[in-house]
Amino acid sequence: MEIIRVKDYEEMSKTASSYILEKLKQLDAPVIGLATGSTPEGLYRLLVDENKKGNVSFKNVTTFNLDEYTNIEPTDPNSYHYFMNKHLLDHIDIPKNQIHLPNGNAEDLEAECQEYENKISEAGKIDLQVLGIGVNGHIGFNEPGTPFTSRTHIVTLDESTREANSRFFNSIDEVPTQAITMGIGTIMESSEILMLISGEQKADTLNRLLNGEVSEEFPASVLHKHSKVTVIADEAACSKL
Ligand code: GLP
């Protein structure tokens, strides 16, 4: 695991954007895994800028998002569909049929999970997966205790995760209790992983990621078993190392 320490959120976002642009240049038809959350917002803003300036095109890019809440309309401002459209996908030249997010509104959610896995397989593999991290070490919505071998599945969200994400909702009661997430096994099949970590509230999390043991109780620790992981962390996140 390589760690790149940067000054602050802005520098983290710039470093991640340059990293991704370089990757996109190297591949003819890149498949990129995307994450939601506050952490990658700055990165997405920079990618939109670069696309507007004509420095990068997404015409050949295919995307797969990590997760989506269940029982939420894609047009709901709290859905991850809405988030991705607002922060990235509506503003870049990517063809709509190359964009993939789990359908949290599918009638048969189990079948949707299998279908999502099939779509990833059909695309070949994810060349670069962008990840954030939850305070409890979750990746995507894989909460502590999720098997490292898990595939795309339905999860019941931890109360701590619902509380952390309630800042986007009017109240915690509105935060969905379930989500569909790519599994840890699915994420680990990506050729490369780029994790972004920012802020003092993630300082203990980063410390545990780098210095703790590899355990299903801390899902992100699985990344120690992957051969190509880059973590970009700002000073505040590194403050307890
Ligand atoms: C959310 C998402 C994750 C994200 C994490 C951290 O629940 N499902 O994909 O990485 O929590 O979010 P943030 O970047 O807002 O701290």
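What you see is a predicted model, where local features need pLDDT of at least 70, side-chain atom pairs count only at pLDDT 80 or more, and totals for chains, interfaces and linings use all residues. Residues are numbered from 1 along each chain as its sequence is written.

**The sheet**

Let's start with the strands, which are DSSP runs of E with at least two residues, numbered from the N terminus. Three of them form an open sheet in the order 4-8-7, with antiparallel pairing. Strand 4 (67-69) and strand 7 (153-156) sit at the edges, each pairing on one side only. From one strand to the next, the twist averages 25°, with axes fitted as lines to C-alpha atoms and angles running from 0 to 180 degrees between N-to-C directions. Two strands count as paired if DSSP finds at least two bridges between them. Here are the two pairings:

| Strand pair | Sense | Bridges |
|---|---|---|
| Strand 4 and strand 8 (residues 178-181) | antiparallel | three bridges |
| Strand 7 and strand 8 | antiparallel | four bridges |

Strand 7 has His-153 and Val-155 on its covered face, and Ile-154 and Thr-156 on its uncovered one.

**Two listed residues**

An unreviewed UniProt entry lists Asp-67, Asn-136, His-138 and Glu-143 for "active site"; such annotations may be inferred rather than shown by experiment.

Asp-67 is part of strand 4. Why does Asp-67 count as buried? Because it has 22 C-beta neighbours inside 10 Å, and the cut-off for buried is 20 or more other C-beta atoms within 10 Å (12 or fewer is exposed, in between is partly exposed). Leaving out residues up to four places away in sequence, the contacts of Asp-67 include Tyr-80, Pro-102 and Ala-179. A contact means C-beta atoms, placed from the backbone, within 7 Å.

Glu-143 lies in the loop between strand 6 (128-131) and strand 7. Glu-143 is buried as well, with 20 other C-beta atoms within 10 Å. Among its contacts, again skipping residues up to four places away in sequence, are His-138 and Val-155.

**Around the ligand**

Which residues come nearest to the ligand? Of the 14 around it, they are Gly-37, Ser-38, Thr-39, Gly-132 and Gly-134. Being near means a C-beta atom, placed from the backbone, within 6 Å. The shell divides into four nonpolar, nine polar and one charged, with Gly counted among the polar ones.

Note on methods
Contact = placed C-beta atoms within 7 Å.
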